[in-house]
Amino acid sequence: MQDTVLPVTPDWAERALIDRAAYDDMYAQSIADPEGFWRDVAKRIDWIKPFTKVKDVSWDPDDFRIRWYEDGTLNVSVNCIDRHLARHSHHVAIYWEGDDPRESRTITYQELHDEVCRFANVLTMQGVKKGDRVTIYLPMIPEAAYAMLACARIGAVHSVVFAGFSPDSLANRIQDCGSEIVITADQGLRGGKTVPLKLNTDLALTQCPNVRRVLVVKRTGAKVPMQDGRDIDYFEAAAKVPPVCQPVEVGAEDPLFILYTSGSTGKPKGVLHTTGGYLTFVAYTHEIVFDYRPGDIYWCTADVGWVTGHSYIVYGPLANAATTLMFEGVPNYPSVSRFWEVIDKYKVNIFYTAPTAIRALMRDGEEPVKKTSRASLRLLGSVGEPINPEAWMWYWRVVGDERCPVIDTWWQTETGGILISPLPGATDLKPGSATKPLFGVRPELVDADGKTLEGAASGNLVLLDSWPGQMRTVYGDHARFINTYFSTYRGKYFTGDGCRRDEDGYYWITGRVDDVINVSGHRLGTAEIESALVENLKVAEAAVVAYPHDIKGQAVYAYVTLKAGQPATPALADELKAFVAQHLSPIAKPDVILFTPSLPKTRSGKIMRRILRKIAEGETSNLGDTSTLADPAVVGDLIERAKHIG
Ligand code: PRX
């Protein structure tokens, strides 16, 4: 099936913003003259003070800098709201669809302006100033977008924490960026179940003495404890401030937000994005990748707690004056037709979701899809993990009725926006491939020693030049930024992904080559899960690896050594799974826990994860070289134990 090619259809070649000839020309130009190319693209942004310098980048670890449009100034909320008011004040900016299908809201650009200004005024009244960090721990409600844009309006730096994270994870993120303000809700609502966000916040804040103010947005109306002097009812405060707020002039390289993401080692990294380049890049890619046209209804099903929500629910679409749909719920509530019903309800033209959702919905067959119309759909997008050809074809055939190109977009929290992706009018599609680099993007494949691989090859994916949406640093740890991304292959950006390039120059991302696990498109570090496990007093040591999973893409397999005297029972395995869910996140919950008296280690004490991975995958016939193991007998024992568990 990997050889299937779906050529650009004549109607797409005709109607698209960028056709094949234009792609070829523009790509060549973007590589030959990146400054000229990105100077032109940045014209789509309203600058307060125009920039004179486009790009100043060096990825040499000893002489390092990444700066785009550095002497320009702007305000992101003005670009996403105010500048549209003259022509679009009554156009819908956000359609909000609640978890319960009977609940929805429509927010015009004028209303968005007023709400964002109110939010900004409330923040200012609480003493928030330019450069301050504000933690946002909200469910998928319009107030999440208002809060983000309000920070941008006053030059504050938001750090959105996904509402599925535990109190401990929230506390770590608050402490790391030193925010004194947290915005949360009484409760979240997903799939008919409530999420105790205020309670989680209270628990987190027992570890965060520096937080002086908590703004609580009422979502369900549940009674939650409010701490005197610290907690404020957001709507009460908002009712007392005017719906106008002077935007703050911000430098292109001033920070816009921090977003924590998992790496292969240590605690999550605070990925820092700045203002001018990021906005330019996400607005541009939102338009060209999705072939967005004024009037289109656009729906990205991600959560604002992830980068996809930042770039392609909030900033990119709103900068383009688009109508963006925000969905509070889940794909299978109240029924597995929910996505398609929402598409019909709002006449969605562009739909962007994750392979894991597609794979889960495939299980229920075609009928729940086919009973809906979906006639409004024009384009289908995919993001977050490799999409297997079977899921791709189902998406294309069943959801899109063989009419809509499937646009598989590869990118990362670090990249800010899409880097490798088809363009619907320019790129013949191959199911399972993210296809070709976007403008200015220079992918390369290297082997383990850093040798460049030419032509059709498989290797590690690196990038050779910067793009405006690139992250600028790891918050508070610039050395870690340079070490993580630019030192493995000196002077090149290492993505952490493995990749194959075929004879047509198409890229096929194969998944992470480091110790990062991608569970249902959610990124987790094995080290984080291991440290959550060893926090449990019964656990002596833990090693976590990924194994392939039909729906989630990858699942978590944990090898656990217990402290002396602890019996290895199924009940304890369940207890440890719940422990991880509670201390880290339900997403990180191990699917399998294998108790073992010892782990395979080299004589120098390093765990041989390669072997653990193979055992978890059930591929034990060829374990490779085990001669460096301190005790090779451990391996046979583990294989036996794994048989009984699977
Ligand atoms: O392994 C790649 C995978 O997700 C990683 C980035 O995760 P995160 O920073 O959470 O961002 C997700 C949303 C952009 C990548 O290193 N990934 C993302 N998109 C794709 C993908 N793998 C294959 N194909 C994709 N389209």
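Predicted model: local features only at pLDDT ≥ 70, side-chain atom pairs only at ≥ 80, totals over all residues.
Residues are numbered from 1 along each chain as its sequence is written, and side-chain values use heavy atoms, with hydrogens and water left out. Local features need pLDDT of at least 70, side-chain atom pairs count only at pLDDT 80 or more, and totals for chains, interfaces and linings use all residues.

An unreviewed UniProt entry annotates a "binding site" that covers G384, E385, P386, D408, T409, W410, W411, Q412, T413, D497, R512 and R523. UniProt positions follow the numbering used here, feature names are shortened, and annotations may be inferred rather than shown by experiment. From this set, R512 and R523 belong to the lining of the second largest pocket. A pocket is defined on a 1 Å grid over the protein atoms alone, as an open set of points with protein on both sides within 12 Å along at least five of seven lines; a cavity is a set of points where a 1.4 Å probe fits but cannot get out; lining residues have an atom within 4 Å of a point.

Q412 lies in the loop between β20 (406-409) and β21 (443-446). Helices (H or I, at least four residues) and strands (E, at least two) are DSSP runs, numbered from the N terminus. Q412 counts as buried because its relative accessibility is 6%. The classes are buried, under 20% relative accessible area, exposed, over 50%, and partly exposed in between (1.4 Å probe, protein chains only). Beyond residues up to four places away in sequence, Q412 touches V307, Y493, T495, D497, R512 and R523. Contact here means heavy atoms within 4.5 Å.

R523 sits in strand β28 (residues 522-525). R523 is also buried, with a relative accessible area of 17%. With residues up to four places away in sequence not counted, R523 touches T261, S262, Q412, T413, E414, R512, V516 and I517. The side chains of R523 and T261 are joined by a polar contact of 3.4 Å. A polar contact is a pair of N or O atoms within 3.5 Å; within protein, one must be able to donate a hydrogen and the other to accept it, and residues adjacent in sequence count only if both atoms are side-chain atoms.

The second largest pocket has a volume of about 230 Å³. Its lining has 18 residues, of which S264, T484, T488, F494 and D514 are the closest to its centre. For volumes, grid points are joined across faces, edges and corners, and the volume is the space filled by probe spheres set on the points. α16 (478-486) and β25 (493-501) each supply at least two lining residues. β25 gives the most, with three residues. The lining of this pocket has five nonpolar, eight polar and five charged residues. Ala, Val, Leu, Ile, Met, Phe, Trp, Tyr, Cys and Pro count as nonpolar, Asp, Glu, Lys and Arg as charged, and the others, Gly among them, as polar.

The structure holds two cavities of 30 Å³ or more. The largest cavity has about 50 Å³ of space. Its lining includes L74, N75, V76 and A152. By class, this lining has seven nonpolar, three polar and no charged residues. The second largest cavity has about 40 Å³ of space. R173 is one of its lining residues.

L74 is also in contact with N79, leaving aside neighbours of N79 within four places in sequence. N79 is in helix α4 (residues 76-88). At 0% relative accessibility, N79 counts as buried.

Helix α13 (residues 355-362) is largely enclosed by the rest of the structure, because six of its eight residues are buried. These are P355, T356, A357, I358, R359 and L361. Their cover includes α12 (338-346), β18 (350-353), β19 (379-383), α15 (389-399) and β30 (553-562).

D99 lies in the loop between β4 (92-97) and β5 (104-108). D99 is buried, with a relative accessible area of 1%. A polar atom of the D99 side chain lies 2.7 Å from the backbone nitrogen of G192. D99 and R338 are 239 residues apart in sequence, yet 10.0 Å apart in space, C-alpha to C-alpha.
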